[in-house]
Amino acid sequence: MVNSHSTPLQALKEHFGYDSFRPLQEEIVENVLSGHDSLVLMPTGGGKSLCYQLPAVCLPGMTLVVSPLIALMKDQVDALNANGIGARFINSSLTSSEIELAQAQASRGRVRILYVAPERLAIPGFRRFLQGVDLSLIAVDEAHCISEWGHEFRPDYRNLRQLRGDFPGVPTIALTATATTRVREDIVEQLGLQQGKVFLSSFNRANLTYSVENKEGYWGKLLSLLQSRDGESAIIYCFSRRETEELADDLNERGMPARAYHAGLDPEVRRRNQEDFIRDRVPIIVATIAFGMGIDKPDIRLVVHHSLPKSLEGYYQETGRAGRDGLPSHCALFYSYADRARQEYFINQLENRVEQQNAYQKLNKMVEFAEVPICRRKSILTYFGEYWEPENCGACDVCLSASQEFDATEVVQKVLSAVIRTGERFGAQHVAKVLRGSREKRVLELGHERLSVHGIVNDFTEEQLREVMGQLRANGLLVRNEGEYTTLSVSSKGREFLNQRRKLALPRLKSAEVGDGKTGRVSRGIGEAGVGPGIEDYDPALFEELRALRRQLADEQDVPPFVVFNDVALRYMAAAFPQSLESFGRVPGVGSAKLEQYGDRFVAAITTFAQARGLADRTGEMGLSRNSESSRRTSGRRERQTAGRSSTYEQTRQMLSQGLTIGEIASQRGLAHTTIIGQIERMAAQGQELSLEHLLPSPDRLQRIKEALDVCGDQYLKPLREYLGQEFEYDELRLSRLVLREMDRNED
């Protein structure tokens, strides 16, 4: 029975901010809502999670999600709560009292989606708890873990047989991104899905470029790859723990911030390194394959395998961590025969003969992928039983062979000349703007629109020009100078290139991975976020400002930046310049909860940026507006939402007057803590009378916060928390700042 207040399409827009489904999603959701079982095989970034999260919003009871990714659960729950969906998780990271609280909230119907680890199903008390809740759907994530033929078999997954027996009338949806035909058949058998429907999406990740490189001279090649993705998130997978630490040290010495990650690190160090990467504090993580299963970071632009993986399933899953938002990303594998020998050594240690033979078969397929010069994409898809027709995928090293290099002589001459003409005191972004003919305020202030190099490039985007400059640095023609500001200068080799009028061929640009065979306009892949036309024309300067705002808000709420908005949403904002809440709400990825929580801050930042440059709102021009009938329905829905917001704010205000805490209000209303605090801030800004004194911490802690505010100011919370220390949570600081502001206002 679907809740009458929300159809799937309405729920998709309201909670996730999208107007249409990705391929297969609508059919899967309809199958689930009809009470039928489903097996979903969909690549990472293809929108698997939505296939159970959206039904969970529409169904009357609770959805149970079984997942082995303990480290990932909190991020998923944070993201759901940010979208206005009540979610909790239960795993071994929680205390017994925290588990009891989560179960109590679920028993009272306050939880829409509950994530649990598979071992939890073996605990009799937990199974008794499940019998007492209104369970509407069972979702089995990473379903290949139930199969002995899968590359990550987990015995705890066999507990799912008993769960299916306990709830025979509850539909089950099993999801995986990596399963051969044999594994799929085993999943169906183990979970009893014979009467269900199988949904098989393409395993093709259109936005990923694959390359295999000879490991000889890998250091220079690795630096070139990282420089071409300067400042963007990258994972480098190594074979051993020692290699991760040594490579991370080498990168740090070269001025490329990196952290190591492996199972042998002190748990606190390992946790901190992972957090630094997820929170965008460091761009590069160097890890063993122990890293990644708990990572939901959508904006990883580069995945490098320093050594040969042991199977194509593992390789596909690890490369699948790149570009989960659908934006162009690169996957590079460094191969040597010695790496094969190392893998064989460990296979020989296996005592089970069948297991050993299975491991050899998988390794041989991986070696064949690395050694045989046929389309990498075709090799991957063939392995998973998918036919690939095109002769040239246009996005792997085999298809983009040496013949696909382009004569870069002219653009290189222009780039080097622009660096010299601008005085060799600016970074790549400014040089690219000058070459593209930008008339932004900074360019005009410097008089650079009068330079002979202004506007002389129109066949490369700014992104591609920055990539060319990264390659020129790798080739020694440009030098990056570190200081308060990063600048570029032309090396003696670069000046010699200009003076002697030499020629230069460069590899096809990585920013044109999914393209038309040219170095100009790019045909971007379509990812989970629904990347659409016009997004490639985003303003990089505004994008960076919005990234900074996103990180600030994420730090205040103690969540990863992508929980606020992903890169795709920010690029839409930086392309469309929405300057009202109405137009901001049209941006893909902006649902009702995020519009309410973040809309004012982002619209203010975009408006300030746009007005200073005379830029108009382009949401209609980009096709983000709706036709008259759709607008009429949307207008009515917005009026209902506005009325609903007034009602929900009033409920919060009344509960505050009754002396309830934020936690109590959130629990009773099934909302996230941050949503309740956001409502309080909005009401306070409107001048409403609020009862907030009971939310203050102890007098001693309040005094320390007051002193910190005097030192750090009250604009940003991050400096405040750094000053006070980790014992002060962001929610406590946010509330205290709010109450103290109100007290000061009332005194005035």
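**Chatting through the core, the sheet and the rings**

Q: Let's start with L163. Which residues does L163 touch, leaving out those up to four places away in sequence?

A: L163 is in contact with L64, V66, L121, L130 and I138 once residues up to four places away in sequence are set aside. Keep in mind that this is a predicted model.

Q: Okay, and which members of the largest nonpolar core touch the most other members?

A: That core has 108 residues, and the ones touching the most other members are L64, Y115, L130, L160, L163, I173 and Y315. Helix α3 (residues 50-58) supplies the largest share of the core, with seven residues.

Q: What lies apart from it?

A: Another core, made of 37 residues, including A569, Y572, F577 and V603.

Q: Switching to strands: in what order do the seven strands of the open sheet come?

A: The order is β3-β4-β2-β5-β6-β1-β7, with parallel pairing. At the edges sit β3 (87-90) and β7 (197-200), each of which pairs on one side only. On average, neighbouring strands are turned by 20° against each other, ignoring direction.

Q: How many bridges link β2 and β5?

A: Five, in the parallel sense, between β2 (residues 62-66) and β5 (residues 135-140). As for V66, which L163 also touches, its bridge partner in β5 is V140.

Q: Which strands does α6 lie across?

A: Helix α6 lies across β2, β3 and β4 (113-116), and it runs at about 150° to β2. Helix α8 (residues 181-191) lies across β1 (38-41), β5, β6 (172-176) and β7, at about 155° to β1.

Q: Now the rings. How many aromatic pairs turn up in the whole structure?

A: The search finds 16. Take F126 and F129: their ring centres are 5.4 Å apart and their planes are at 45°, so this pair counts as tilted.

Q: Why tilted, at 45°?

A: Because planes under 30 degrees apart count as stacked and those over 60 as edge-to-face, with the rest called tilted. The 45° between F126 and F129 therefore makes the pair tilted.

Q: And how far apart are F126 and F129 in helix α6?

A: Three residues, so about one helical turn separates them in α6 (residues 124-131).

Q: Are F126 and F129 buried or exposed?

A: Both F126 and F129 are buried.

Q: Which residues form the aromatic cluster?

A: F203, Y316, Y383 and F384 form one cluster.

Q: Last one: which residue lies over the face of F277?

A: K297, at 5.5 Å from the ring centre. Over the face of F369 lies R376, at 5.9 Å from the ring centre.

Key:
Residues are numbered from 1 along each chain as its sequence is written. This is a predicted model: local features need pLDDT of at least 70, side-chain atom pairs count only at pLDDT 80 or more; totals for chains, interfaces and linings use all residues. Side-chain values use heavy atoms; hydrogens and water are left out. Rings of Phe, Tyr and Trp (its six-membered ring) pair if their centres lie within 6.5 Å; planes under 30 degrees apart count as stacked, over 60 as edge-to-face and the rest as tilted. Helices (H or I, at least four residues) and strands (E, at least two) are DSSP runs, numbered from the N terminus. Buried means under 20% relative accessible area, exposed over 50%, partly exposed in between (1.4 Å probe, protein chains only). A charge sits over a ring if NZ of Lys or CZ of Arg is within 6 Å of the ring centre and within 35 degrees of the ring normal. A nonpolar core is a set of buried Ala, Val, Leu, Ile, Met, Phe, Trp, Tyr and Cys residues joined through side-chain atoms within 4.5 Å. Contact means heavy atoms within 4.5 Å. Two strands pair if DSSP finds at least two bridges between them. Axes are lines fitted to C-alpha atoms, for helices over the stretch in contact, and angles run from 0 to 180 degrees between N-to-C directions.
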